[in-house]
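Here are my notes on this one, point by point. Have the model open while you read, and go through it chain by chain.

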Amino acid sequence: MITINCFLILSALMLFIGVYGFLTRRNTLAILISIELMLNAADLNFAAFNRMLFPEGQEGYFFTLFSVAISAAETAIAIAVMINVYRNLKNNFVENLDKLKW
Amino acid sequence: MNFLSLFVLIPLLMLLSLWLVKGTKGIRAVMVVGSSALLALSIYLTFAFLAERAAGNTAEMLYTASFTWFEPLHISYSVGVDGISVAMLLLSGVIVFTGTFVSWDMCKEYFLWFTLLSMGVFGFFISIDLFMMFMFYEIALIPMYLLIGVWGSGHKEYSAMKLTLMLMGASAFLMLGIFGIFYGAGGQTFNLLDIASHTGGATLIEFSQQCIWFPFVFVGFGVLGAMFPFHTWSPDGHASAPTAVSMLHAGVLMKLGGYGCFRVAIYLLPDAANELSWIFLILTGTGVVYGALSACVQTDLKYLNAYSSVSHCGMVLFAILMLTSTASTGAILQMLSHGLMTALFFAVIGMIYHRAHTRDIRELNGLMRIIPFLSVGFAIAGLANLGLPGLSGFVAEMTIFVGAFQNADLFHRVLTIAACTSIVVAAVYILRMVGKILYGTNVNPDHAKLHDAHWEERLAIIVLIACIAGIGLAPSWLSNMIDASVSPVMEQIQAVASTVSKSNPFL
Amino acid sequence: MATTIIFFVLAAIILGCALLAVTTKHIMRAATYLLFVLFGTAGLYFLMGYTFLGSVQVMVYAGGVVVLYIFALMLTGRSDNQKEKSMSVAKKMAALIASLCGAAILLFVIISQKFAATVLTAPNEQLTSIQTLGQQIIASDKYGYLLPFEVVSVLLLACIVGGLIIARKR
Amino acid sequence: MNFTYTIFILLLPFFSFLILGLAGKWLSHRTAGIFGTLVLGVVTVLSYFTAFEYFTADRVDGVFQTLVPYNFVWLPFFDGGLHFDLGIMLDPITVMMLIVISTVSLMVHIYSFGYMHGERGFQRYYAYLSLFTMSMLGLVMATNIFQMYMFWELVGVCSYLLIGFYYTQAPAVAASKKAFIVTRFADLGFLIGILFYGYYTGSFSFDFTNTAVYLNGAMPGVGADFSKAIAGAGFILPTALFLMFVGGAGKSAMFPLHIWLPDAMEGPTPVSALIHAATMVVAGVFQVARMFPLWIQYAPETLHIVAWIGAFTAFYAAAVACAQSDIKRVLAFSTISQIAFMMVALGVCLPEGGYTDNHASLGYMASMYHLFTHAMFKATLFLCAGCIIHAVHSNEMEFMGGMRKYMPITHITFLIACLAISGIPPFSGFFSKDEILVAAFHYSSAMGWIMTGIAAMTAFYMFRLYYGIFWGTENVEYHEHHTPHESPAVMTIPLILLTVITVTVGWILPGSFGSFVSATGEAYHIHLDWSVAGTSIVIAVIAIALATYIYSGVRQPIAEKMKATFPALHKWAYHRFYLDEVYQFVTHRIVFGIFSRSFAWFDRHVVDGFFNFLAWGTNAASYSIRTLQSGRVQQYAFVFLLGVLVLILMLII
């Protein structure tokens, strides 16, 4: 008996796994991966709400669609930044990215 | 258009022209023309004011004008002058004029800030709107930071920071005090005259309210007037500042403090002044003696003069707090006198420093033989400082002492006599300094070939000495002009003077 | 029943791979696990009957994004970089506890909510047809998504340009 | 008859000062000197003319009128009806002082032309002399106590400038500083006295007729100030007068404020003659004389304190003078002693029935008389000393001795002046000193005998000095190298003129001084009290004989023996009883060392430290909260997460 709660619980767990990853990883790419997890959890929620509660509408559907597009864009930019960072610092560890602090 | 606004407009035009001109000649031309115009304007104002008074115009402020600037807060641009402001404007005119010549070799940016500072000072003295006063005060403050921090000497960053922070701290107090007065008087007007006379929507400020805001305003202005124990910005600031800035600062900016104390704290809060003056009398009385004694052991000429300024400016606030007509007149005279003589002092010290590259009393010797003109200027400044009759210091100090003696109780008597001792101590430190650096024989071969003052330096020194001697020889017109303007304030005080301060444990 | 089983299988794959993705030391493996998570999610979309969405997920996410990651990893890949040193235990524990607390709170919220008790049924092709989607995405009337569509297009264009500029060799 | 021309007595020297001071650089020495002297000559003529006109004018009720040709409000004060006036007042003592000042000043001007010949700063010297003369004349012509104070300060500054004339020499600079600061310290008392006086009497004027009314509370419209008046009459007025006297004691070098005067001898000798012997140092005496009606009426007991201070000073200075070896120092202590005589004379005056009386207040006349004669013979002595120093190039007696053969004119004039100061008839000092002694005996016989004794000491040390210079052991070796020679005429003529005055003023006009100057203003005929005069002559002659016996020979065995017998006494007296060292200790160690230094330290470290602490505290606080802004995105996320959780919890609970 799959109810909406099942989806929500699944996405909640996925979200917090992403959060955990975000907080604990040092490699910026790994952090990005964690962010993808969180985004994915949100996407899943949109789709699940649309499907389970308002199956006649398409809002959640489209949100998910756009969200996928935006996360792809974000990833592209982020990875471009990371490559640039890597060129300058020869590594990708987040604690090294503190030049703007001074 | 009120012609008082020219005092703000001329500096603005000077700023514009300075921005446009190129080359040293152009800058000098702009500065000389502008500062001469300001001086001429202030002299014209003095004559016009005296003529107006002679013609029987007894209004408290003359040439008043006002237009609303920010309606919701009742801020308006209001100008007007009485005898005290006229005297202060004249002083500022002289100091800015001479300051220009003293800083003859400076660059464009320096003069830009210098002019902005002058604008703030002039604006402050013509304002009769509390908020505008505050605003001009702030305008005068900021250039000081840059002038000291960039063109100063010694620990200039430290000094500039210290000076600015302390004065900013003071202006925070001041702002609270001003808003306290504004809302205490009904929150309808910032105009000084309205608040004092309870017109234009202003109401009487309650006694309990006055007692809260008086210390704020007095301390706020008092810090600028080098009130003990908030004077420590002054030695460092003056020591590091470039010559003309020291002049302008000690000569005019510190007078903003005394003027503000009198115009705002005493005038608008007379009950509290009567009640609480004893606290500040003790502080300023201490400052007078303390500054003088501290000056005795200084080895840096500028420090010495700065401590001497603490003593003399302490005398200004001291006299104001005596709350008598004579003492207040004396306070204003002392502001003028101190402004001129300390400007002269700083000017000459700056010139000596510029030549000898030291201000250490122990390293300078026998300058009288080498640079006689500067030395004589220095000696005259010193003599004025210790109150030689015929120079301005004597007039001011005597007026203050006679005025202070009008308070017959033991508390005031003791403090007055203590303050009198400062003139002896002044003789000690001045003569010590003069004896050490001017007299004797020069032992430093580097100093043997110093050149005496240039024409522009001579001009500045002569103008200042002429003013000092002028006040010292013929003080009565000035004294009368000031007293006529002190009397409205004294009327406020007289209304409450019969009540004896309840909080004063010494009465 | 089959739906339920499929759901739980997919859920198990997603959670398991997600956990591995955030805990593994090897960054390349993390990217691979992410791929599985994304596939699992796509599977859930299929399960819900959103076949187009699932396809997009597979193509864009699993196909595009992850490949991007792998390229990036290969570009920045140096041996010492591939295997990161983990953070201090204290920090990890703090993060873990915070995450667990967060999850607990969120689960509590979810469970305490009374949602409509709709049960997921077998996929229904008629639920949202490609045609409807195609029309709506370029429709400018009510329920039309032309504007967001164009905005996203511009965004993507900006991304292309931006990505090129940022990553270009100087 | 009006005296409006008297304004020029003040203005001429002032303009002379301005011209010489500002344009001196472009004038030759000769021009500057002649210009200054000529101006002073005109002033002297004007002064004599004023005196002639004044004293030949009719008396009203037997009293010379007090005239005020000029008086205007210079600086108004706005409370208590006070104002600071400038003006000119002429009364007998003013006119007498005009003569003294202008005469001595003119002599000094002429003399300096020779003495200062070729000195650097010659024009400046004459400028200062002019300024000093102007200030001193202004002081004596003052119409009110505040004007007096103003010129009082000015003469102090002139004294400072002239003592420090040789400003490249450290002792001169130190001496000038000391002179100014000590007198300034005393002037503090003067100022406070003036302030008290002004507040309680409602006036600074020397016109005391209103003062009395005011003090009795009877002045119309001052009923409300009755309590003020009572307080003023009882305690305040004596206090105020005594405080003013403190100022006078500073200027007139009364013990313990005398320490500056011996050091002031570092200045050029003509300056010592003018300022530190004849004119400025008697300003204190003049001041007490000026306030005399108030003293005698309201504060006679305090006046006697003044007398005793004077007596002690006279004794102390005479004792020190016996042991000095620097001739100018001897003269300086002699001056202190003689001024103290004048002070005693004023102090021993008694009120007769609460008011001034010529007989009871004989001391007033005696004091002024002595002031007059002393100015002349002391100026002579100093100018002679100047000639000697000019010839020998040293102040020390060891370089002198036997000078009588080199410098005959100086010798004679010096001798006459010495006889005059010792009180030998018929020279002027005898007449004035005799009156002082009479007044002292009138007050109490103890005081009388003390003063007679001090007069004997005066004779002794003056002749010790005389023999030391002109007889005694000649420093032959030194004189062979620098043969001393008589000074040029420009220096000796003033000597002779002053000596003529000294010789003649006593016996040509015996008793007539009292008809010009007296306590009440009415003519008072001086008659010598031969019992007092005889005693003092005898004692003086004995003292002179003693000095002759001890010091006139080529060898001086007794002097050596005395020195050997009382080494401690001689040493203490030579070092002026170590008073300077005490002052040095108090000012340098205690005032500077303890107060100033600790204040300066306190200021830098405590007051400033407090504000630096505030700044430091702000800075430290910023640094400590700065770690929150670590720039680490994960930390931010963590905090963000916690924040969100807390918010959610708050919403759901």
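This is a predicted model: local features need pLDDT of at least 70, side-chain atom pairs count only at pLDDT 80 or more; totals for chains, interfaces and linings use all residues.

1. Let's start inside chain C.

2. Now for the chains together. Which two chains share the most contacts? Of the four pairs of chains in contact, it is A and C. Their meeting place involves 67 residues of chain C and 58 residues of chain A.

3. Stay with that A–C contact and look at the chain C side. The elements giving two or more residues to it are helices H1 (2-23), H2 (27-48), H3 (51-76), H5 (89-112) and H7 (146-167) of chain C. H3(C) supplies the largest share, with 13 residues. Sorted by class, the chain C residues that touch chain A are 50 nonpolar, 14 polar and three charged.

4. Chain C also touches chain D. Here six residues come from chain C and seven residues from chain D. On the chain C side of this contact, five are nonpolar, one is polar and none is charged.

5. Which chains have no contact with chain B? Chain A is one of them: the closest C-alpha atoms of A and B lie 21 Å apart. Chain C is another, and there the closest C-alpha atoms of B and C lie 39 Å apart.

6. Two packed helices are described by the angle between their axes and the distance between the axes. For helix H2 (residues 23-54) and helix H3 (residues 83-102) of chain B, the angle is about 160 degrees and the axes are 9 Å apart. Angles over 145 degrees count as roughly antiparallel, so that is how H2(B) and H3(B) run relative to each other. The crossing of H2(B) past H3(B) is left-handed.

7. Last, who makes the contact between those two helices? From H2(B), the residues include B:Met31, B:Val32, B:Leu38, B:Leu39 and B:Phe49, along with B:Ser35, B:Ser36 and B:Ser42. From H3(B), they include B:Leu89, B:Leu90, B:Gly93, B:Val94 and B:Phe97. Counting by class, the contact of H2(B) with H3(B) has 13 nonpolar and six polar residues, and no charged ones.

Definitions and conventions
Residues are numbered from 1 along each chain as its sequence is written. Chains are lettered from A and ligands numbered from 1 in the order in which they are written. Helices (H or I, at least four residues) and strands (E, at least two) are DSSP runs, numbered from the N terminus. Ala, Val, Leu, Ile, Met, Phe, Trp, Tyr, Cys and Pro count as nonpolar, Asp, Glu, Lys and Arg as charged, and the others, Gly among them, as polar. Axes are lines fitted to C-alpha atoms, for helices over the stretch in contact, and angles run from 0 to 180 degrees between N-to-C directions. Angles under 35 degrees count as roughly parallel, over 145 as roughly antiparallel, 65 to 115 as roughly perpendicular and the rest as oblique. A crossing is left-handed if the near helix is turned anticlockwise from the far one by less than a right angle, and right-handed if clockwise.
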